[in-house]
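I opened this notebook to look up where the ligand sits and what surrounds it.

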Amino acid sequence: MVTTVEAASHAARFLEQPKRMLVDGAWVDSRHGRTLEVYDPALGEVIDHVPAGDAEDVDLAVAAARRAFEDSEWSRMTASDRGRIIWRVGDLILKHADELAEIESMDNGKPVSVARAADVPLAADLFHYMAGFATKIHGQTFPISVPYAPGAQFHAYTLKEPVGVVGQIVPWNFPLLMAAWKLGPALATGCTVVLKPAEQTPLSALRLAELMLEAGLPNGVLNVITGFGETAGAALAGHPGVDKVAFTGSTEVGKLIVKAAANDLKRVTIELGGKSPNVVFADADLETAIPGAANAIFFNHGQCCAAGSRLYIEQNVYDEVLAGVSDYAEKIKLGRGLDPDTEMGPLVSVEQLERVTGFLEAGEREGVRTVTGGKQVGEHGYFVAPTVLDGAGPGNRVFDEEIFGPVVTAIPFSDTAEVAAAANETIYGLAAGIWTTDLTKAHRLIPQLKAGTVWVNTYNIFDAALPFGGYKQSGWGREMGEEVIHEYTETKSVCIGL
Ligand code: NAI
Ligand code: MG
């Protein structure tokens, strides 16, 4: 078999160069000189090394971001010029789309075709969308009345100002796209950033940072520290020089971020886990609902915070939908992400493999029936068979907890009230799906679902214009759309006596 580096022809130059972190416009090693290993999850082999940055490196990066924020070319730049740089980032991502797709595929394991069709163009589109916002962030004027100051006149208005230095911590499931979701609004609002990619997938963030310098981003506006969560991530989340932390990852670490931020009350947005219900009614068009329900869980090998992992199926079509989704699962072609005909790659790491197979073993012990899949596949890499489980319910770990793998639990239901209550029986509230041809039924169910996104007769549709985030323990705040701009701005009220 050809090595990963040989297989990735577009990314060859980037792969061969030594990897450094970006601090104040310079490419640097970690102060202590330590590195961490980067794996190809399809082979389970080390393909690269990046610096293992820690608290000392974070200090330097935060100081650079602070200087760039307070007094620099960036803080004095017009909104139009800022927007133009952000737009160029989008253009450069598209120009290097094949290379970025390869980097993403070998680092994360996802099919290169999927990275090329989804992750990369979505990242570019996010920057193009946010570029337009740079010139459209503004306050309002207010006709204030002030009852205790009769006869007085005032001019009152608001200013929208950037929050400041932002620490951004992103996960490994969509490494480039999650970085884009966070960087786009930070730059549009005029913030400066220290970004920490996940230790499992640091490569695309480093390539993106090169492209952002090429686009004209001044030194210190973006700093990238590669390193582990417990060291670099924790140092960033608790750093007194950081004004806001934006995090995507596990609910467990999300709570640690909130605690770290409590010391100095920095602002926090967190996008966390999910156990999203996907509801198929008997009146649905099953020709689209069955593959739709399968894709809702199997896309990105189930490593999606919004994965439709609890599949509620109306009783009288239960057997048909269960069989249809299971058939679909059995036909998915597993393979190495860099192979052009691969439909599903490996899980990202040996830890995730052990985690997911641990859930499957727990299900078996608890008497949950495996309709298809249920185990690791192959001798190399971290592959798990697309899995459909039947007969799980509250009290079973596979039903209660986020698995973050290609594993769906199917549950029958008999009426709308029952499924609405069951759908909400979770600590999470990220997304939900509804499949029906009866739009009245859908519209009545939508307000009952405690979820940040509801998809009807579709699933996993993301767009730069559409806010995304969670209710309950799925997080605080929203990413994308106009809403995210508020997460990166402070409102200053100004009142002038005339
Ligand atoms: P994680 O939450 O530990 O990692 C996400 C990011 O947080 C990484 O950049 C990591 O370095 C950083 N991090 C870890 N500990 C930190 C700390 N103490 N302070 C600051 N940053 C820290 O997720 P992990 O361990 O990789 O995956 C475990 C589970 O988390 C998955 O099985 C899945 O259920 C969930 N998860 C959810 C994601 C989502 O998109 N909502 C993404 C990744 C994982
Ligand atoms: Mg972790």
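The entries below go from the ligand to its pocket.

I note that this is a predicted model, in which local features need pLDDT of at least 70 and side-chain atom pairs count only at pLDDT 80 or more, while totals for chains, interfaces and linings use all residues. Residues are numbered from 1 along each chain as its sequence is written, chains are lettered from A and ligands numbered from 1 in the order in which they are written, and side-chain values use heavy atoms, with hydrogens and water left out.

Entry, ligand 1. I looked up its shell (residues with a heavy atom within 4 Å) and found 27 residues, of which W172, E199, S250, R355 and E402 come nearest. I then checked polar contacts (pairs of N or O atoms within 3.5 Å): an oxygen atom of ligand 1 lies 2.5 Å from a side-chain N or O atom of E199, one lies 2.6 Å from such an atom of S250, and one lies 3.2 Å from such an atom of N173. The protein covers 91% of the 800 Å² of accessible area that ligand 1 has on its own (Shrake-Rupley method, 1.4 Å probe).

Entry, the pocket. Ligand 1 takes up the space of the largest pocket, where a pocket is an open set of points on a 1 Å grid over the protein atoms alone, each fitting a 1.4 Å probe, with protein on both sides within 12 Å along at least five of seven lines, and lining residues have an atom within 4 Å of a point. A molecule sits in a pocket if more than half of its atoms lie within 2 Å of its grid points. I read a volume of about 1,400 Å³ for the largest pocket, and 48 residues line it, with W172, E199, Q200, S250 and Q352 closest to its centre.

Terms used: A polar contact is a pair of N or O atoms within 3.5 Å; within protein, one must be able to donate a hydrogen and the other to accept it, and residues adjacent in sequence count only if both atoms are side-chain atoms. Grid points are joined across faces, edges and corners, and a volume is the space filled by probe spheres set on the points.
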